[in-house]
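Have a look at the sequence and the model. Then work through the questions, answering each one yourself before you read on.

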Amino acid sequence: MSTSIDVFAKAREHERLEQLRAARELDLVPYFRVLEGPTLPVVEMEGKRRIMLGSNNYLGLTGDERVARGAEEALHRYGTGLTGSRFLNGTTDLHLELERELAEWFGTEGALVFTTGHQANVGALGTILGPGDTVVVDSGDHASILDGCILSRAKLRPFRHNRIDRLEHTLEKAASDGGGILVVVDGVFSMEGDVAPLPEIAELSHRYGARLMVDEAHALGVLGSRGAGASELFGVEDQVDLRMATFSKSLASCGGVIAGPADVIEFLRVSSRPFMFTASAVPAALGAALAAVRICRSDEGRELFARVLDNARYLHRGLDELGFQVVKPTRLADGTEIVTTVVPVVVGDDWKAAFLWKALYDRGLYVNVALHPAVPPAGALLRTSVMATHDHDTLDEALEIFADAKRSFEAEHGALPGRA
Ligand SMILES: Cc1ncc(COP(=O)(O)O)c(C=O)c1O
């Protein structure tokens with residue numbers, strides 16, 4: 001007997017197909033746009049100069065000569081690729097040096113370098129958690145966290161984004177599940193740019209006997225005086241059991257890391273399948289990341305962290321003054337506002353987000369579009385992000401483009417959501 005169900009049917013009938021077809025016809029698809037040069041504050045993209053407010057190159061280090069030299073030297077010393085897993089034949093002294101520097105930066109006993117950040121999350125969560133455990137996640141956590149949880153087959157208990165009362169309620173339930181509990185949150189949430197209230201999360205995790213892991217992807221090289229992330233900013237590094245970060249944002253490269261207690265790191269080194277059964281990063285990626293880590297850990301790092309946050313404040317204020325609804329910086333109980341590099345403009349409707357994106361793109365400005373499932377349904381955002389290397393003149397030019405695009409968009413499609 002043969003089946004009448006074709007596994008390819010989902011590729012031919014999926015729900016976004018019609019939407020994509022219509023968007024393609026109008027040249028409105030904001031994804032897979034082609035860069036023709038390095039990711040710098042201003043880029044060449046599809047034959048035109050465009051201001052780049054849609055990258056994660058927060059410190060601007062992809063254009064730094066020392067980082068380029070780190071990549072070049074690694075390329076010449078180790079060749080173009082390592083052609084195998086770190087486990088068998090792909091570990092170099094660059095990996096070990098990078099792991100030593102990263103552990104020192106985080107202030108942890110150990111660190112393990114993965115080929116991507118996605119693999120770091122999947123490789124850590126899929127190994128540390130098992131079917132008898134419970135994992136408690138914020139509903140805004142990155143997809144790679146969810147993928148790791150699914151791989152582990154632990155019981156998944158999400159709580160409503162950044163709601164401490166919901167976390168407590170979830171932990172109460174998790175306590176009667178009968179296994180170990182791990183709480184996992186992003187330090188800075190990738191789309192909204194808001195920050196997890198880590199002191200409260202750490203206190204609750206401790207109270208319920210749960211371990212805590214923080215994904216510092218968008219916080220490493222940005223927050224805290226050492227740039228060691230949200231855990232450092234909040235002064236809770238000693239209460240966070242595992243820290244994750246990627247090299248694909250402030251570190252201007254590609255790769256990922258898990259940092260934590262030596263015995264847990266060693267366990268991952270010999271047991272994590274997404275670590276063991278994939279090829280090592282190419283040497284140039286490791287050389288670039290190592291050079292970027294060293295810049296971050298030098299006095300210059302502090303200047304870069306201050307500069308990128310100053311640019312974020314500048315862009316936030318400018319967009320707010322133009323009447324856009326900009327996601328507000330996280331306000332702590334003591335009134336402090338935490339600005340991050342991610343400055344999102346709320347649009348709401350998917351099509352409106354695409355039209356506004358196109359109006360900006362055609363005027364020479366590139367930003368990211370976040371649609372469901374990256375954000376809640378009807379919560380479309382234009383996600384802008386800054387670099388330490390943007391100057392105010394370039395940000396002013398971007399704001400003028402925003403003002404002009406808003407005028408023509410609203411004349412045609414009606415008012416955008418206004419200042420909250
Ligand atoms: C919060 C967060 N975690 C993990 C990742 C995965 O990192 P990578 O892109 O290095 O695989 C990302 C990347 O987008 C992210 O934003």
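Q: Methionine 387 lies in a loop between which two elements?
A: Elements here are DSSP runs, numbered from the N terminus: helices (H or I, at least four residues) and strands (E, at least two). Methionine 387 lies in the loop between β14 and α15 (392-413).

Q: What kind of model is this?
A: Residues are numbered from 1 along each chain as its sequence is written, and side-chain values use heavy atoms, with hydrogens and water left out. Local features need pLDDT of at least 70, side-chain atom pairs count only at pLDDT 80 or more, and totals for chains, interfaces and linings use all residues, since the model is predicted.

Q: Is methionine 387 buried or exposed?
A: Relative accessible area decides: buried is under 20%, exposed is over 50%, and partly exposed is in between (1.4 Å probe, protein chains only). Methionine 387 has 0% relative accessibility, so the residue counts as buried.

Q: How far apart in space are methionine 387 and lysine 358, C-alpha to C-alpha?
A: Along the sequence, 29 residues separate methionine 387 and lysine 358. In space, their C-alpha distance is 22 Å.

Q: How far apart are the C-alpha atoms of leucine 304 and glycine 221?
A: Leucine 304 is part of helix α13 (residues 299-321). Leucine 304 counts as buried because its relative accessibility is 5%. Along the chain, leucine 304 and glycine 221 are 83 residues apart. The separation of their C-alpha atoms is 8.5 Å.

Q: Histidine 169 and tryptophan 351 are how far apart in space, C-alpha to C-alpha?
A: Start with histidine 169, in helix α7 (residues 164-175). Its relative accessibility is 34%, so histidine 169 counts as partly exposed. Histidine 169 and tryptophan 351 are 182 residues apart in sequence. In space they are apart by 37 Å.

Q: Where does the ligand sit?
A: A pocket, on a 1 Å grid over the protein atoms alone, is an open set of points with protein on both sides within 12 Å along at least five of seven lines, where a 1.4 Å probe fits; its lining residues have an atom within 4 Å of a point. A molecule sits in a pocket if more than half of its atoms lie within 2 Å of its grid points. The ligand sits in the largest pocket.

Q: Which element gives the largest share of the shell around the ligand?
A: Two elements give two or more residues to this shell: α5 (117-128) and β8 (242-246). The largest share is three residues, and their source is α5.

Q: Which residues come nearest to the ligand?
A: A residue is near if one of its heavy atoms lies within 4 Å. There are 16 residues around the ligand. Those that come nearest are His118, Asp215, His218, Thr246 and Lys249.

Q: How many residues of the shell around the ligand are polar?
A: Nonpolar means Ala, Val, Leu, Ile, Met, Phe, Trp, Tyr, Cys and Pro; charged means Asp, Glu, Lys and Arg; the others, Gly among them, are polar. Two residues of the shell are nonpolar and three are charged. The number of polar ones is 11.

Q: How far is a polar side-chain atom of aspartate 215 from a nitrogen atom of the ligand?
A: A polar contact is a pair of N or O atoms within 3.5 Å; within protein, one must be able to donate a hydrogen and the other to accept it, and residues adjacent in sequence count only if both atoms are side-chain atoms. A backbone N or O atom of histidine 118 lies 2.8 Å from a ligand oxygen. A side-chain N or O atom of histidine 142 is 3.3 Å from an oxygen atom of the ligand. For the side chain of aspartate 215 and a ligand nitrogen, the distance is 2.6 Å.

Q: What share of the ligand's exposed area does the protein bury?
A: Accessible areas come from the Shrake-Rupley method with a 1.4 Å probe; for residues, only the protein chains shown count as cover. Taken alone, the ligand exposes 390 Å². Of that, the protein buries 83%.

Q: The side chain of arginine 86 has a polar atom 3.0 Å from the backbone oxygen of which residue?
A: Arginine 86 lies in the loop between α3 (65-78) and α4 (93-106). Its relative accessible area is 8%, so arginine 86 is buried. The backbone oxygen at 3.0 Å belongs to valine 113.
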